[in-house]
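I opened a notebook for this entry.

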Amino acid sequence: MRTGGQPIEALRKGMEYLAGQLGNIEIRGAGTTGSGRQLASVIIGADIVKNEITAHAVAAQNLVPEVKTILEIGGQDSKIIILKNGVVYDFAMNTVCAAGTGSFLDRQASRLNIPIEEFGSYALRSDSPVRIAGRCAVFAESDMIHKQQMGHRVDDIVRGLCQALVRNYLNNLAKGKLIAEPILFQGGVAANVGITAAFEEALGKKVIIPEYYDVMGAYGAALIAKRKMEKSIDTNFKGFDACLRDYSARSRECSGCSNVCEVIELFSNDELLASWGDRCGKWSSRLEGRPLVAR
Amino acid sequence: MKLTFPHLGNAYIAVKALLDELGVDYIIPPFNNKKALEIGIKNSPEFACLPLKINIGNIIQAYREGADTVLITGGCGPCRFGYYCEMEREILQDAGYDIGFITIDAPRGISLKEYFSQLLKITNGINIYKIAKAVKNTTEIAILVDQLEKLTFKMRSIEACRGDTDSVYRDFQQEIRLINGAQSIKKYISQTSQKLTNIRCNTGIKPLKVGIVGEIYTTIDSYTSFNLDARLGNMGVEVDRSVTVSNWVVEHMLKKVFHLPRDLKYAEAAKPYLGAMIGGHAQETIGNSIMYSQKGYDGIVQIYPLTCMPEIVAQSILPAVENDYGIPVLTLIIDEMTGEAGYLTRLEAFVDLLNKRREMAASDR
C-alpha cells in the first residue's frame, strides 16, 4: 500500500487490515525496514529496525540461496546488491537522479494516459523502440513529448522509456560491477514486464522475479526478527491496537550546538515517545532506554 | 586588524593557539552549520566544491561579526584548494565585502624567509624567536587535538554506555573556544583525554575497524561528513583517519619549509596503482587503503565532495584495490544536495556487510 505522504495513517490502516486477516494469533517478534523504519518501530514496538539493503539481501538469499545479484527498484530509490559466497559483497544506491525509479514511471504512464499496470505490456508489443534520453527524468520527459509530437507509436515510446530507465540504472548503479547469475529483480517496478524485458535484453541474462517481489524488504525484516527472537526473548510488539492511539509527529530545531539539527519528535496524547534526527544522540538516546545525557 | 579564518574540523584550536601566542586580535567564525552553508551556496559558483562554499560562508559570517582580514593557506599542488585563497578573495570582492587576505604558503611556493615574512605581517613586528615558539606550540597542539580525536574513535567503539564519549567530546568543543593561550589549551586537552580514558568500557570486545580515506576537508570536518566518524563509532566501529590537520601541518608545511624528508609510505604503497602525485589526496587515498588492509582493517570508507577530480580518479582505482586485497570499500560523495537518510542507510548496510564477513571468516576457521 502507498503511504501517500501519511506514514502513520498508512501504518494504522495496514495494521488494522493485518489484524482482520490474521485473527487472534500471538505475535512473537516484529521488525521494520525502509525509510520510515524508525517511525514505524516506535509505533508498533519493533524488535529489530533494519536498513532496506540488508533486508532485501536476506529475503533474496532465503528464496534463492545462491543468488549473486539483486536488482531492486522501488518508488523513490533503486539499488543493486552484489553477493559473493553468500555474503553481501558490494552494493550501490541511486544518488544523483530519480529517473530510474517507480515514481518516474508512474508519472510517464499518466502522461501517456496508460494505467501503470498495463505499462509493461505496451512495451512488449513494440518492435522498433524509440531512443529516449534517460540520463535525467526531466529531460527524458521532454524528449518523450518530442517523440510523441514526431508521430511515434505509443508502444515504441513506452519500450524506449523502459530501455532508457534500464540504461540509466545500469550506468548509475552497476558501473564496474560484475552482474552474475542468478539475478533477482525485486521492488514494485518488478511488476513491469517491459522493464524486466529491457533488463534481460541489456544484460543478455535471465532475470528472476520472486513471487512476492513487492514486499521483499518486509519479508527480509521479518526473517531477521525471527532469527533474533529464536533466542526466546520477549517481544517489544505493542499489539495491533497500539496503532489506534493518537500519534503526532513534529520537528523542531535543536539549539544545543551549532549543528542546529532538525529533531523529530513523536507524541502520543501529548506524551513524548521518541525523538530522532539529532547528530549527537542527545535526544535520540532517550529512545533506546539509555540514560539521558545530561547537559 | 581583526583576523578570521575558515573552519576545517578542529583546526581552529591550533590556529587559535597560534594567534593567541602572537597576540593578534581574531574572530573564530561560528561553527559550520546550515547557516554557513546557505550563505556560502548563495555566493559561490554552483560547480565549486563543498569546501569552498563552506569557506565562503565562514568568512562572511566572521565579517559580519567584525573581521577584516582572512588568514588562509594556499599552495601549489594540493588541488584547486591551492587556488581558493585567490578565488575567495575575488568572490568576496565581487559580492561587495571589503575584506583582506593573507595567504600562508602562496600558490607559487615560498622560501623560509618569505614564510616568516608572511607571519610577520600579522604580528606587528614581534621577534622571530617568539614566532618560532608560537609555530612550535601550534604544531604540538594540532598533534594533541588529533590524538584526542583518535582517542574518541577508540572509546566510542567500546564504551559501555552509548553516548558517553559524545558527551565528553561535546563539552570539550564548547569549552575550548573560551580558553586562551597555548599552555591552557594544552592543559584542557590533557584533562579531556583523561576524562575519555575514564569512560566505562566493555572489555573483551573486538570492534570492527574501518579506515576513512578521501578528500581532506570532507574526511576531517565532521559537519560536512554528517559526523561520519561518530556515526560509525556509535554503531560500534572503531575508525581511523590517516589524513589529519597535524599531519598536514607537519608534512606539507613545516617539512617543506625546512626541506626535511617527508613520510612517503603511502606513496610507496600506492605505487602499483598510482605512481604519481596527481593532486589532492588521491595517492594518499589509494596508499592508505592498502595500508589499512595490511593492518587488518575490516573495511574502507572513501568520502569526497562532488566534483573533486583527484578523488574521482582514486575512486576508479579503488575497485582494483578492493579486489586484490579483499577489503570492502564504500564510497560516499557529498554536496549540499546530499540526502542524509540515504547516506545513513548506506552506512548501516555497510556495517552489516562487514559484520557478516567477519562472522563468515570466523566460521571458516
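Which element gives the largest share of the lining of the largest cavity? I found that H7(B) does, with five residues. Helices (H or I, at least four residues) and strands (E, at least two) are DSSP runs, numbered from the N terminus.

I noted the ground rules next. This is a predicted model, where local features need pLDDT of at least 70, side-chain atom pairs count only at pLDDT 80 or more, and totals for chains, interfaces and linings use all residues. Residues are numbered from 1 along each chain as its sequence is written, chains are lettered from A and ligands numbered from 1 in the order in which they are written, and side-chain values use heavy atoms, with hydrogens and water left out.

Entry: cavities. On a 1 Å grid over the protein atoms alone, a cavity is a set of points where a 1.4 Å probe fits but cannot get out, a pocket is an open set with protein on both sides within 12 Å along at least five of seven lines, and lining residues have an atom within 4 Å of a point. Points are joined across faces, edges and corners, and a volume is the space filled by probe spheres set on them. I counted four cavities of 30 Å³ or more. The largest cavity has about 530 Å³. Its lining has 27 residues, and Asn259(A), Tyr169(B), Gln173(B), Ser222(B) and Asn227(B) lie nearest the centre. By class the lining has nine nonpolar, 11 polar and seven charged residues (nonpolar: Ala, Val, Leu, Ile, Met, Phe, Trp, Tyr, Cys and Pro; charged: Asp, Glu, Lys and Arg; polar: the others, Gly among them).

Entry: the second largest pocket. I read a volume of about 840 Å³. It is lined by 40 residues, with Leu8(B), Thr73(B), Phe81(B), Trp248(B) and Met253(B) closest to the centre. H11(B) supplies the largest share of this lining, five residues. The classes are 30 nonpolar, eight polar and two charged.

Entry: the chains. I found 32 residues of chain B in contact (heavy atoms within 4.5 Å) with 31 residues of chain A. How many salt bridges are there between chain B and chain A? I listed four, a salt bridge being a side-chain nitrogen of Lys or Arg within 4 Å of a carboxyl oxygen of Asp or Glu. One salt bridge joins the side chains of Lys34(B) and Glu262(A), at 3.4 Å, N to O.
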